[in-house]
Amino acid sequence: MSGGPGIVREDVRAELAAPEIVFEIRGEAGLITLTRPRALNALTLPMVEAMHRQLRAWAADARISRVVVRGSGGRAFCAGGDIRRIHALGRAGRHADVMAFWRGEYWLDATVKTYPKPYIALIEGIVMGGGVGISLHGDVRVAAESYSFAMPETGIGFFPDVGATYALPRLPGCTGRYLALTGARIGAGDALAVGLATHAARAADFETIIDRLAAGGAIADAFDGLAAPGTQTGPLVAERALIDACFSADTVAEVLARLDAAAREGSAFAGTSAATIRSRSPTSLTIAQALMRRGGDLGFAEAMLAEYRLAGRVMRGQDFYEGVRAVIIDKDNRPAWHPASLDEVDGAEIESAFAPPDDADPRFDGSQGPCGAMPVAEASPGDRS
């Protein structure tokens, strides 16, 4: 039923009244469901903090032997953070509130990474940004046939974060660098091939998987006999040799030079990739390249701290606000980046984010969060494989 002026549709009213995130206990499983389907389950700070608190509670709950997280609505597992809200807060000069979101989100990601019990993400549809942070760092990542992964932040004047600095450089070859700079989307087949996903299953079988996980036993047994459609590989596998050859360069400018050379030799993939990169924020590209170059040598907590420091710098700059305006708010897709070229970006400012931590820095080792220290808990017996 559609409503006229001043009339709120019943489905919209119901969603506005519904919680943004739901927690259940099913047998031995703690089940988390993101319930903002109209917003593609984008994370708000209250969702982040509620999830963090619940994970802490379940870590210490002997009844719970594993945690499962999923999205609602079928279109997206989680498309990221609530970028419109962050944009509005930044424009209003509420920098402390903006950084409270990034700090809370990164604390949650660190808790997922260090969680003492098996953590399983059932991923249907879009998984981007913040959705990557609450899935990729867990033990099991199940891709449905509609799985669509991307880290498109360079296109809105930000950079791949939520632990991408740690995870992407550890993907095979230079596939992580390619994903970071271009923001390209990949499906389940490519995700399985490089390790972004660990399993594939039909979305229609997710309830069966949850029931099996709730019954206890080995995690791997939950997938026995289930079909895994949609696992054909795509460009990430087909163009692997070219990706490694071009994206192994130390600078974005050299990456572009190599792609241009490959395009002149007839590679349509190289030409498209170069055009995509040239549409991105030069500052964001330089940050992303620095993170990919350094991330393989950083521990998880170190990588998250570098991201947090860089987020603070980007939030005080111009490109994030211009990128969100152009891509999400006005949707004219014509951002005016500042600076406008790679040569003008201050690399020294970016490098300073990798300085050793000090006492004023938050810790992203799983020990901090909205309720203080993470309680120490032993994982219940079970197979994490």
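Modeller: Let's begin with Trp102, which is buried, with a relative accessible area of 4%. Please keep in mind that this is a predicted model. Phe101 is buried as well, at a relative accessible area of 5%. Phe158 also counts as buried, its relative accessibility being 3%. Since buried means under 20% relative accessible area, these values place Trp102, Phe101 and Phe158 in that class.

Now look at how the rings meet. A pair of aromatic rings is described by the distance of the centres and the angle of the planes. A search of the whole structure finds 13 aromatic pairs. In one of them, the ring centres of Phe101 and Trp102 are 5.3 Å apart and the planes stand at 75°, so this pair is edge-to-face. Trp102 and Phe158 make a stacked pair, with 4.8 Å from centre to centre and 15° between the planes. Trp102 belongs to helix 4 (residues 95-113), while Phe158 sits in the loop between strand 8 (148-150) and helix 6 (164-167), so their pairing ties together parts that are 56 residues apart in sequence.

One aromatic cluster is formed by Phe101, Trp102, Tyr106, Phe158, Phe159, Tyr308, Phe320, Tyr321 and Phe364.

Arg170 has its charged end over the ring of Tyr166, 3.8 Å from the ring centre. Likewise, the charged end of Arg294 sits over the ring of Phe354, at 4.4 Å from the centre.

To finish, let me show you the sheet. Strands of a sheet pair through backbone hydrogen bonds, either parallel or antiparallel. Here 6 strands form an open sheet with mixed pairing, in the order 1-2-3-5-7-9. Strand 1 (21-26) and strand 9 (199-200) stand at the edges with a single partner strand each, so one side of each has no neighbour in the sheet.

Strand 1 and strand 2 (residues 29-34) run antiparallel and are joined by 6 bridges. Across this pairing, Phe23 stands opposite Ile32, and Ile25 stands opposite Gly30. The hairpin of these two strands has 2 residues between them, and Gly27 there takes a positive phi near 60°.

On to strand 2 itself: 6 of its 6 residues are buried, so strand 2 is largely enclosed by the rest of the structure. Ala29, Leu31 and Thr33 point one way, whereas Gly30, Ile32 and Leu34 point the other way. Strand 2 also runs parallel to strand 3, again with 6 bridges joining the two, and Leu31 has Val68 in strand 3 as its bridge partner. Helix 2 (residues 45-59) lies across strand 1, strand 2, strand 3 (66-71) and strand 5 (119-123), and runs at about 20° to strand 1.

Methods
Residues numbered from 1 in each chain as written. Predicted model: local features only at pLDDT ≥ 70, side-chain atom pairs only at ≥ 80, totals over all residues. Heavy atoms only, no water. Phe/Tyr/Trp six-rings, centres within 6.5 Å; stacked < 30°, edge-to-face > 60°. Buried < 20%, exposed > 50% of the residue type's maximum accessible area, 1.4 Å probe, protein only. Helix = DSSP H or I, 4+ residues; strand = E, 2+ residues; numbered from the N terminus. Lys NZ or Arg CZ within 6 Å of the ring centre and 35° of its normal. Pairing = 2+ DSSP bridges. Contact = heavy atoms within 4.5 Å. Axes fitted to C-alpha atoms, helices over the stretch in contact; angles between N-to-C directions.
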